[in-house]
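Subject: Handing over a structure, with notes

Hello,

I am passing the structure below on to you, together with my notes on what was found in it. Please look through the sequence and the model first, and then read on.

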Amino acid sequence: MDDQLRAKNWQSWLEYASDARCDPYLQQLSKTVQQNLLIGFTARVRRGYFGRGTQVQAQTPETALRHVAQTIVLAGYADPRKSYGSKDLDLPFSRLLKTYKCDDPAPKPQLALPARAIRCITEYYYNKNTPWATAVADLITIAFFFLLRPGEYAMPTSKTKTRTVQFRRQDVRFFKAGEVFPHHASLATLRQADSARLYIDNQKNGQRGSTMHHTATADSFCPVKALANRVHTLHSVAPADASLPISFVPNASHITATDITGVIRESVVLGGLLNSGYSPTRVSAHSLRASGAMALKLNGVDSDLIMKLGRWSSTTWLTYIHAQISSLTAGLSERMTIHHVFYNVGS
């Protein structure tokens, strides 16, 4: 996906350079002229000149500018955005991009849902007892427990290009007291596994070969049982094709991220969350990853372990822990009033 976007942005830059009658690599031009040209290009991207004609958010022109500069650098020339030896963008670019970000509306991240809402919607869809509804309930359960991105378990639309490789049957392994269960085992046998492992070949952030593991729960809301349902179905349909994505439903194509979003929004109503500050427009397939992280945090799981399970390489996962979740701040005001004796040992 990044390579395609890079090529698209470079093509837009070639069009702009042609209009400006300048060398796209900006050679034989003063630094001032180089930067003015790039600023003009960035402004065009911001206005949507190379897109749908409507203003885009700050990240789009910032990315386009970076892609153009990187292509110039890869051709063997200096980065026109920076002064020699500097790691930071020159002031004209940093101020322009900061202005764009300030002008954009405040971001509204997708909200995390309480675990009871996830359980409620999965039970509702399991009770429908159709192959499609059962697959939806399985995927929601798997995504919640394993903190999955939508592209890792649901089929993207035909217009969406992503680096992430969706989980396939071959990426799942079941264990019982250390013994591996083969995929051709009966459904009853697979559902008796005490743990399951997922292996992801490629992720959105480019990391390769991550492994995730979960143990079974005592009830039906269980990642191992949900994976058993999916693997048994896929093996029954195509025993020789272990590369079949877990989103596949016999006679119904694939479950898409759009399908999951619709179901998650339905959970706001079924879970009785309309009177708890939730709106269906603030949740989507992405909410399952946030919900899993929130459930772990509220139950005292160490932050490093949450990062490991969610395959976050930094503390960006904290954006999922929303300040409006009252459980996180319960009792803090009382704790802040406790008197402690301390002294100023500074100058």
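A word on accessibility comes first: a residue is called buried under 20% relative accessible area, exposed over 50%, and partly exposed in between, with a 1.4 Å probe and protein chains only. The model is a predicted one, in which local features need pLDDT of at least 70 and side-chain atom pairs count only at pLDDT 80 or more, while totals for chains, interfaces and linings use all residues. Residues are numbered from 1 along each chain as its sequence is written, and side-chain values use heavy atoms, with hydrogens and water left out.

By these cut-offs Gly262 is partly exposed, because its relative accessibility is 40%. Gly262 belongs to helix H10 (residues 257–270), where helices (H or I, at least four residues) and strands (E, at least two) are DSSP runs numbered from the N terminus. The C-alpha atoms of Gly262 and Val283 are 9.3 Å apart in space, and the two residues are 21 residues apart in sequence.

As for the chain as a whole, it has 14 helices and four strands, and its C-alpha atoms fill a box of roughly 70 × 70 × 40 Å along the principal axes. Of its 347 residues, 41% count as buried. Contact here means heavy atoms within 4.5 Å, and among the contacts with a separation of 6 or more, 63% are between residues 24 or more positions apart. The accessible surface comes to about 19,100 Å², and 53% of it belongs to carbon and sulfur atoms; such areas come from the Shrake-Rupley method with a 1.4 Å probe, and for residues only the protein chains shown count as cover.

The salt bridges deserve a careful look. The term stands for a side-chain nitrogen of Lys or Arg within 4 Å of a carboxyl oxygen of Asp or Glu, and by this rule the count comes to nine salt bridges. In one of them Asp219 pairs with Arg119, the closest N and O atoms being 2.9 Å apart. Asp219 lies in the loop between strand E4 (208–215) and helix H9 (223–237), and Arg119 in helix H5 (residues 115–128), so the pair ties together parts that are 100 residues apart in sequence. Asp219 is partly exposed at 31% relative accessibility, and Arg119 is partly exposed with a relative accessible area of 31%.

Another salt bridge joins the side chains of Arg230 and Asp138, at 3.8 Å from N to O. This pair links distant parts of the chain, with Arg230 in helix H9 and Asp138 in helix H6 (residues 131–146), 92 residues apart. Both Arg230 and Asp138 are buried. Arg149 and Glu152 form a further salt bridge, with their closest N and O atoms 2.8 Å apart, and both of these residues are buried. Salt bridges that share partners join Arg149, Glu152 and Arg311 into one network.

In helix H12 (residues 303–310) the buried residues are Ile306, Met307, Leu309 and Gly310. They cover an arc of only 165° around the axis, so they are on the same side of H12, the arc being that of the directions from the helix axis to the C-beta atoms. On the other side of H12, Asp304 and Lys308 are exposed.

Most residues other than glycine have a negative phi. Gln28, in the loop between helix H1 (2–20) and H2, has a phi near 65° and is exposed, because its relative accessibility is 80%. Asn129, in the loop between H5 and H6, has a phi near 55° and is exposed, with a relative accessible area of 65%.

Finally, which residues does Thr42 touch, not counting those up to four places away in sequence? They are Pro61, Leu65, Leu96, Leu97 and Tyr100. Thr42 sits in helix H2 (residues 31–47) and is buried, because its relative accessibility is 1%.

Best wishes
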